[in-house]
Amino acid sequence: MQIGYVQFSPALGDLGANIEQIERFSAKFTDGGLYVLPELCNSGYNFEAKQQAHETSEPIGESQFVTFLTELCHNRHVHVVAGMNERDNDLLYNSAVLVGPDGLLGKYRKMHLFLNEKDYFAPGNIGLPVFEVDGATIGMLICFDWIFPEVWRILALKGAEIICHPSNLVLPGRAQKGVPAHAMMNRVFVVTANRIGTERDLTFTGNS
């Protein structure tokens, strides 16, 4: 399986611009590959207010972003894991979706919220699911989840062979040093797709 990531700077509050960026990068995708995009790459991350977080969210079943990913995966014959701002009734979740050529295969909702993410998002409530993709078992974590050893172990015990880790990391070098240790101890492959750029007072650390 060809595995890769896209490291880019999503535009805060501009879904159309983010779709255009991902479409451009997807020209380099290889048939049959698995590609990981950063956390909240449909909406951006550092919201100015709760209203902005709500306005940039989408229900997965009605999501322009998921529809775009489905078409991309169908046309490129790939699977994609991408972070997105998910709305479910009145609640928002910092989620990751797994999409393939036939559409949505599953999702994960971030369990461990970082700093002021708690002002916008509810903690994940669907546990730590795993999914089968081309004979490999896939798990997902999001950004700050990385610091908790239990989540890695649970996914490994569920049979995960590849853990996709969409991220918006801002602490220089911390996760980039810690995640390989989790991978080694649990005997899994990990793909951390971190974003770059600056949003308001936050600068993201790249080094996916």
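## The main nonpolar core

The largest nonpolar core of this predicted model has 30 residues. A nonpolar core here is a set of buried Ala, Val, Leu, Ile, Met, Phe, Trp, Tyr and Cys residues joined through side-chain atoms within 4.5 Å. Buried means under 20% relative accessible area, exposed over 50%, and partly exposed in between, with a 1.4 Å probe and protein chains only. Val81, Met140, Leu141 and Cys164 have the most contacts inside this core. Among the elements giving it two or more residues are strand 2 (34-36), strand 4 (91-100), strand 8 (162-167) and helix 5 (174-186). Helix 4 gives the most, with four residues. Helices (H or I, at least four residues) and strands (E, at least two) are DSSP runs, numbered from the N terminus.

Let's look at Val81: leaving aside neighbours within four places in sequence, its contacts (heavy atoms within 4.5 Å) include Leu34, Val36, Val97, Met140 and Cys164. A second, separate core of 22 residues includes Val6, Phe65, Val80 and Ala82.

## Helix 4 and its buried side

Val151, Trp152, Leu155 and Ala156 are the buried residues of helix 4. They lie on the same side of helix 4 because they cover an arc of only 135° around the axis; the arc is that of the directions from the helix axis to the C-beta atoms. In general, an α-helix has 3.6 residues a turn, so residues three or four places apart point the same way.

These buried residues pack against strand 6, strand 7, strand 8, helix 5 and strand 9. After helix 4 comes Gly159, with a positive phi near 100°.

For Cys143, the nearest cysteine sulfur is that of Cys41, 13 Å away. Cys143 is buried, at 6% relative accessibility. For Cys164, the nearest cysteine sulfur belongs to Cys73, 12 Å away, and Cys164 is buried too, at 0%.

Most residues other than glycine have a negative phi. Asp134, however, has a positive phi of about 50°. Asp134 sits in the loop between strand 6 (130-133) and strand 7 (136-140), and is exposed at 56% relative accessible area.

Asn207 also has a positive phi, near 50°. Asn207 lies in the segment after strand 11 (202-203) and is exposed at 59%.

## Reading the numbers

Residues are numbered from 1 along each chain as its sequence is written, and side-chain values use heavy atoms, leaving out hydrogens and water. Since this is a predicted model, local features need pLDDT of at least 70 and side-chain atom pairs count only at pLDDT 80 or more, while totals for chains, interfaces and linings use all residues.

Terms used: Disulfide = S-S within 2.5 Å.
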